[in-house]
Amino acid sequence: TRLTRTEGLGTRLLGSSIFVAKIIMARVAKLITGSPIPTIGLGTWKSARGEVGEAVRCALEVGYRHLDCAHIYGNEDEIGQAITAKVADGTVKREDIFVTSKLWLTSFHQDDVLAACQTTLKNLQLDYVDLYLTHWPIGLPKNAPPPGQSPVDQRPAWNVDRFRQTWKAMEALVDKGLTRSIGVSNFTMKKLTELLSGDIKIIPAVNQVESHIYLQQPKLKEFCETRGIVFEAYSPLGSPDRPARFIDPSDPVPLQDPVAKKIAEKHKCTVGQVLISWAVHRGTVVLPKSVNPSRIAENFGSYDVKLDADDMKQLEALECGCRFIKAQFLFTEGQTVAEFWDNE
């Protein structure tokens, strides 16, 4: 009998709907560059100063080798101190940690990209990052106020030609050895198609987007995978501590989902571990955030939760297109959520 493996779902008998209960649970994925990227990373958005350093130290001690950072989070200097300390005490070698950072929107002008990356490297106390992403598809004026405070008339619409200029400056960072790989974040299929159809030297290694049981984005995932772009999931637990302006009282809560709870009971684990394990089983890189030492260890322990095909089918059925991070701070005058996300 001929068998073929489906992404994250083990094997399927051709010409049949019968699944063989063999689930792929990879601890490392490969970027298009050939570089390995650990499939569970520590997210640091909303990790407060005075807490994030200890969270990073704890994560590295537990076994994390992937840290997801960004300039706009305002905590990269404390993260850098933690990395330096754990390298110095022999817990980990620099080359064994995969560190991501992101270019903030007010530095999208091609003349500002290099300085922005150098600032991040100084704060992180590193000579290079493993991955540098554009944080959103759209840049803002250099003097724009913080997110949520920018006037509507200062919010430019998506323009692929303008973004390509930013991308050329990103490509130059690779040439200079300041980052090993470059990628994008919050890109739709439409925007990726427009970017890839132009004259670019380096294909994005990663597209980091919101993804969880209620926003699985299977079409975007397949689109990325067929082009060698790693699909990376932020807010896998639903970002329960997201800013108040992002919260809609009607939003469902992944950590309270009854189906996920039942599966957690079956495997004698937490709901959070089910959600993270599901993300890895389906072949994505996932970025749970926590500053709680026991929760950090618990999240990393998701590797030990072996979901079966029935679990995956039940969780897949929870898709409802619920987006928690809608990005209203980038909407132009009169723009809807659907329009901003290209009706995807």
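**Helix packing, a pocket and a cavity**

Helix α7 (residues 258-267) packs against helix α10 (residues 309-316) at an angle of about 165 degrees, and their axes lie 10 Å apart. The model is a predicted one. Angles over 145 degrees count as roughly antiparallel. α7 and α10 are therefore roughly antiparallel to each other. Their crossing is left-handed.

Which residues carry this contact between α7 and α10? From α7 come V259, A260, I263, K266 and H267. From α10 come D311, Q314 and L315. By class, the contact of α7 with α10 has 4 nonpolar, 2 polar and 2 charged residues.

Two packed helices are described by the angle between their axes and the distance between the axes. Take α5 and α6 next. Helix α5 covers residues 189-196, and helix α6 covers residues 218-225. Their axes come within 10 Å and cross at roughly 20 degrees. Angles under 35 degrees count as roughly parallel. α5 and α6 are therefore roughly parallel to each other. This crossing of α5 and α6 is left-handed.

On the α5 side, the contact is made by M189, L192 and T193. These residues meet K219, L220, F223 and C224 in α6. The contact of α5 with α6 divides into 5 nonpolar, 1 polar and 1 charged residues.

A further pair is α3 and α4. Helix α3 spans residues 113-124, and helix α4 spans residues 160-175. Their axes come within 9 Å and cross at roughly 45 degrees. That makes α3 oblique to α4. What is the handedness of the crossing in which α3 passes α4? The crossing is right-handed.

V113, L114 and C117 are the α3 residues in this contact. Their partners in α4 are T166, A169, M170 and L173. Of the residues in the contact of α3 with α4, 6 are nonpolar, 1 is polar and none is charged.

The largest pocket holds about 820 Å³ of space. It is lined by 40 residues, and the closest to its centre are W45, K46, S239, D241 and K289. Which helix gives the largest share of the lining of the largest pocket? Helix α9 (residues 293-300) does, with 3 residues. By class, the lining of the largest pocket has 19 nonpolar, 14 polar and 7 charged residues.

How many cavities of 30 Å³ or more does the structure hold? The structure holds 1. The largest cavity has a volume of about 40 Å³. Its lining consists of F187, T188, V209, Q217, L220, R323, W341 and E344. These lining residues of the largest cavity divide into 4 nonpolar, 2 polar and 2 charged.

One residue links two parts of this account. L220 in α6 meets α5 in the helix contact, and L220 also lines the largest cavity.

How values were computed. Residues are numbered from 1 along each chain as its sequence is written. This is a predicted model: local features need pLDDT of at least 70, side-chain atom pairs count only at pLDDT 80 or more; totals for chains, interfaces and linings use all residues. Side-chain values use heavy atoms; hydrogens and water are left out. Axes are lines fitted to C-alpha atoms, for helices over the stretch in contact, and angles run from 0 to 180 degrees between N-to-C directions. Helices (H or I, at least four residues) and strands (E, at least two) are DSSP runs, numbered from the N terminus. Angles under 35 degrees count as roughly parallel, over 145 as roughly antiparallel, 65 to 115 as roughly perpendicular and the rest as oblique. A crossing is left-handed if the near helix is turned anticlockwise from the far one by less than a right angle, and right-handed if clockwise. Contact means heavy atoms within 4.5 Å. Ala, Val, Leu, Ile, Met, Phe, Trp, Tyr, Cys and Pro count as nonpolar, Asp, Glu, Lys and Arg as charged, and the others, Gly among them, as polar. On a 1 Å grid over the protein atoms alone, a cavity is a set of points where a 1.4 Å probe fits but cannot get out, and a pocket is an open set with protein on both sides within 12 Å along at least five of seven lines; lining residues have an atom within 4 Å of a point. Grid points are joined across faces, edges and corners, and a volume is the space filled by probe spheres set on the points.
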